[in-house]
Amino acid sequence: MIETLDRYIREHRFFSGLDEDDTALITGCARNVAFKAGDYVYRHGEPADEFYLIRHGRVALEMSAPGRGTMTFQTLHEGDIVGVSWLLPPYRWRYDARAVELVRAIGMDAKCLRGKCDTDHDLGYEMMLRFVPVLVERLQSTRMQILDVYGPSA
Amino acid sequence: MVPAVVRVARVRRELIDAWTLEIDPGADGFTFAPGQFNMLYAFGVGEAAISISGDPARPETLVHTVRVVGKVSAALAALKAGDWLGVRGPYGHGWPVEAAAGSDVLVIAGGLGLAPLRPCLYRLFAERDRFGRIVVLCGARSPTEILYRAELERWRRRLDIDVEVTVDHAGPDWHGNVGVVTDLIRRAAFDPPNTVAMLCGPEIMMRVAALETDRAGVTANATHLSLERNMKCAIAHCGHCQFSGDFVCRDGPVATYARLSRLLALREI
Amino acid sequence: MAELPGQVLLDRDGLDRLIAALAARGFRVIGPTVRDQAIVYDDIGGVADLPAGWTDRQDGGHYRLERRTDDALFGHVVGPHSWKKFLHPSRLTLWRAARDGDGFAVEPTDEHSEPFAFFGVRSCDLHAIAIQDRVLTGGPYVEPHYRARREGTFIVAVNCGEAGGTCFCVSMGTGPRADKGFDLSLTEIADDGGFAYLVKTGSERGADVIAGLPQRPAMARHVEAADAVVDNARRHMGRTIDTYGIRDLLLDNLDHPRWDEVAGRCLTCGNCTMVCPTCFCTTVEDSSDLGGGAARVRRWDSCFTLDFSYIHGGSVRSSPKSRYRQWMTHKLATWWDQFDTSGCVGCGRCITWCPVGIDITEEARVIRENPGAEGTT
């Protein structure tokens with residue numbers, strides 16, 4: 001059976017509801033990728049050229065600091081978006097993303113997608129409608145983590 | 001209301017600041033409903049309200065997990081096998097295990113919140129056939145602060161329960177989930193209109209988790225939270241534990257989200 | 001029960017003998033007396049200990065005794081004490097414990113106390129006693145110390161002839177006439193240049209005590225005079241409060257800006273809770289001594305203290321605003337949810353004894369006149 005990128009994009013919950021034309025536009029920026037367990041999906045400081053939509057597997061977002069080793073602050077799962085720094089200049093990753101296990105994903109070329117959104121604002125709006133909720137939810141979750149609610153009382 | 005004097009049979013250290021006391025309640029045993037609590041008295045120091053954490057089907061041992069947060073809990077946590085303490089109880093209105101029969105059950109625990117929920121889990125697992133899907137979601141600060149970790153791992157290996165654990169942050173040795181417990185709710189498999197949810201943990205965590213279960217479609221009347229307030233008498237006479245019109249010691253500690261949601265949104269009630 | 005005898009009249013000497021008769025039956029007689037520039041409740045030996053010829057001038061944050069032009073015994077209203085001082089004492093040892101081998105044993109304290117006779121209980125305070133009965137003995141757990149003190153307490157009520165400057169029993173439906181819950185009730189009426197006491201019996205033992213005392217039958221004119229006396233009090237209340245729907249009014253206005261305003265005045269001193277006859281909150285103190293013993297003592301507490309709502313990390317109600325709001329909404333609103341009655345009897349003590357004169361009736365009025373106003377959360 002031939003698996004097409006087009007079908008993966010249609011099936012991924014992030015793009016659900018996109019019309020035919022927009023789906024075709026994005027597919028033009030997409031490719032199939034896979035990461036082995038332990039591979040880095042991207043690393044801190046690298047250009048944020050490609051972001052990922054997980055189809056299968058888990059990705060850990062990490063930072064490492066001298067003396068403290070590596071700290072994981074978020075695990076992303078099937079259906080999640082990996083990488084948001086491609087949205088804003090300077091388009092560089094702020095932390096590491098590593099495959100915790102075998103990961104299959106759709107890789108989206110960030111420059112390609114940004115370009116298409118610039119030309120076609122309707123497509124741009126559809127993308128924003130999908131990205132903003134992700135950002136808001138991540139922000140809310142992160143705030144909960146910062147509050148350290150399980151920690152010893154102040 | 002004077003305490004009964006009982007003996008510690010065994011002490012187990014759970015976390016860096018939490019100990020479990022296994023207490024010999026005497027020949028008559030100690031019966032309680034999941035979600036109830038006792039007032040434990042450390043000789044000469046004082047009393048603290050501590051939820052009961054043991055198996056309700058095993059009344060011959062009374063189990064309490066104590067986290068050190070003050071003078072009394074420090075004294076209780078310092079008890080050794082053979083030491084004596086005072087017990088008054090059981091008090092309070094507990095988890096609606098019976099009412100959940102026939103439904104999916106979603107149990108969400110944060111930090112030490114697993115301690116008042118564990119008796120409920122024992123009962124659910126002991127009568128597994130009476131319930132639909134059982135989903136247990138636990139949040140903790142970090143991997144070394146997961147309460148009852150060995151037990152969670154054992155439960156997770158069962159084929160008929162879904163157990164997911166997440167931590168707020170972790171080092172390189174952790175290969176499990178990192179993130180807030182609310183994220184686990186979104187990915188859990190349960191049928192919201194036919195689900196009974198039971199939440200326990202810090203109040204912020206319960207509020208946020210309840211918003212999430214509400215968003216998922218679990219009815220507010222079927223979502224239960226366990227509150228904590230200052231307690232002195234535990235019998236609705238001293239007034240300390242009031243939360244609006246409710247005495248948490250008597251009308252709680254377990255109450256529905258339908259009853260609580262408006263009050264939880266207000267400050268300093 | 002056999003029909004109680006009709007009303008009779010005692011003179012002042014008869015009243016003195018009444019007090020003596022109660023003492024002779026083994027009661028510890030407590031009544032109003034002047035002390036420390038106020039009329040307080042304390043042990044009394046006879047009519048001579050009562051505040052004859054004294055009245056009180058009360059207003060927000062103001063209490064003064066003044067001499068009357070007559071020597072009425074009950075020409076005053078309530079002072080800083082209430083009967084909870086005796087039924088629900090401010091300090092009580094609950095139990096003691098002693099080391100016993102490597103364990104310890106707990107001994108409850110002996111709850112026995114000689115029975116009280118409360119002499120001069122105003123109608124508002126009768127209602128307050130009934131409210132505390134409900135709180136402390138009406139639920140699944142009965143407070144044994146309160147019950148021991150309450151059972152057998154003999155009550156001689158007094159119907160008010162004057163209203164105090166902060167009284168609002170009429171608004172609360174708790175007076176000025178005492179209608180039940182007493183063994184005897186008295187109304188002081190002018191008679192023959194002096195005063196006489198119209199006595200109504202409320203129980204068999206009340207009738208029993210009265211039977212042995214020198215008395216005259218009450219005539220219609222005495223009963224009318226008593227009615228007029230009570231009516232006078234009814235018409236001169238110092239304060240009023242509209243209680244219609246007050247529970248919902250307050251609970252729907254927990255964010256009202258008035259709470260911020262009163263917080264700017266409230267010192268959280270807790271005087272109101274100390275003088276309020278229905279406030280029941282307590283705390284416990286555990287102690288140990290060098291001799292290997294331990295004890296648990298119960299003390300009055302107040303929801304105005306910072307510690308009251310302390311849970312690990314901090315207090316739930318840390319701002320003065322939240323504590324004032326807690327007290328007032330408990331008293332007028334959530335008490336209904338808990339006990340099916342209001343917690344307030346309109347005695348006015350909280351208004352009188354507040355150092356800055358905060359007036360619960362005024363606070364309720366402002367919120368009622370402007371419901372739904374938005375303040376800070």
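The C-alpha centres of domain 1 of chain C and domain 2 of chain C lie 25 Å apart. This is a predicted model: local features need pLDDT of at least 70, side-chain atom pairs count only at pLDDT 80 or more, and totals for chains, interfaces and linings use all residues. Residues are numbered from 1 along each chain as its sequence is written, while chains are lettered from A and ligands numbered from 1 in the order in which they are written.

**Domains of chain C**

- Domain 1 of chain C spans 8-235 and domain 2 spans 246-369; the bounds come from an automatic or database domain assignment.
- Between them, 38 residues of domain 1 of chain C are in contact with 32 residues of domain 2 of chain C. Contact here requires C-beta atoms, placed from the backbone, within 7 Å.
- On the side of domain 1 of chain C that touches domain 2 of chain C, at least two residues each come from β5 (62-67), β6 (91-100), α3 (123-137) and α5 (169-172) of chain C. Helices (H or I, at least four residues) and strands (E, at least two) are DSSP runs, numbered from the N terminus.
- That side of domain 1 of chain C has 18 nonpolar, 14 polar and 6 charged residues. Ala, Val, Leu, Ile, Met, Phe, Trp, Tyr, Cys and Pro count as nonpolar, Asp, Glu, Lys and Arg as charged, and the others, Gly among them, as polar.

**Domains of chain B**

- The assignment for chain B gives domain 1 (4-91) and domain 2 (98-265).
- Their centres, taken over C-alpha atoms, are separated by 22 Å.
- Here 20 residues of domain 1 of chain B are in contact with 17 residues of domain 2 of chain B.
- β1 (4-15), β3 (37-42), β4 (46-51), β5 (62-67) and β6 (84-91) of chain B each supply at least two residues of the domain 1 side. β6(B) gives the most to this side, with 3 residues.
- By class, the domain 1 side in chain B has 10 nonpolar, 6 polar and 4 charged residues.

**Contact between chains C and B**

- Chain C brings 38 residues to the contact and chain B brings 28.
- Elements giving two or more residues to the chain C side are β6, β7 (103-108), β13 (282-288), β15 (310-311) and α11 (320-339) of chain C.
- The largest share of the chain C side, 6 residues, comes from β13(C).
- The chain C side has 18 nonpolar, 15 polar and 5 charged residues.

- β13(C) pairs with strand β14 (residues 293-300) of chain C in the antiparallel sense over 7 bridges. Two strands pair if DSSP finds at least two bridges between them.
- C:V284 has C:R298 in β14(C) as its bridge partner.
- The hairpin has 4 residues between the strands, and C:G292 takes a positive phi near 85°.

**Sheet of chain B**

- An open sheet of 7 strands runs in the order β10-β9-β8-β7-β11-β12-β15 (chain B), with mixed pairing.
- β10 (177-178) and β15 (254-256) of chain B stand at the edges, each with a single partner strand, so one side of each lacks a neighbour in the sheet.
- Strand β12 (residues 223-226) of chain B pairs with β15(B) in the antiparallel sense over 3 bridges. B:H224 has B:T256 in β15(B) as its bridge partner.
- Helix α2 (residues 114-126) of chain B lies across β7 (104-110), β8 (134-140), β11 (195-200) and β12 of chain B, at about 155° to β7(B). Axes are lines fitted to C-alpha atoms, for helices over the stretch in contact, and angles run from 0 to 180 degrees between N-to-C directions.
- Helix α3 (residues 149-156) of chain B also packs on the sheet, touching β8 and β9 (162-167) of chain B. Its direction makes about 140° with that of β9(B).

**Sheet of chain A**

- An open sheet of 4 strands has the order β2-β7-β4-β5 (chain A), with antiparallel pairing.
- β2 (40-42) and β5 (69-76) of chain A are the edge strands, each with a single partner, so one side of each is left without a neighbour in the sheet.
- The twist averages 35° from one strand to the next.
- β2(A) pairs with strand β7 (residues 96-99) of chain A over 2 bridges in the antiparallel sense. A:Y42 stands opposite A:A97 in β7(A).

Definitions and conventions: Contact = placed C-beta atoms within 7 Å.
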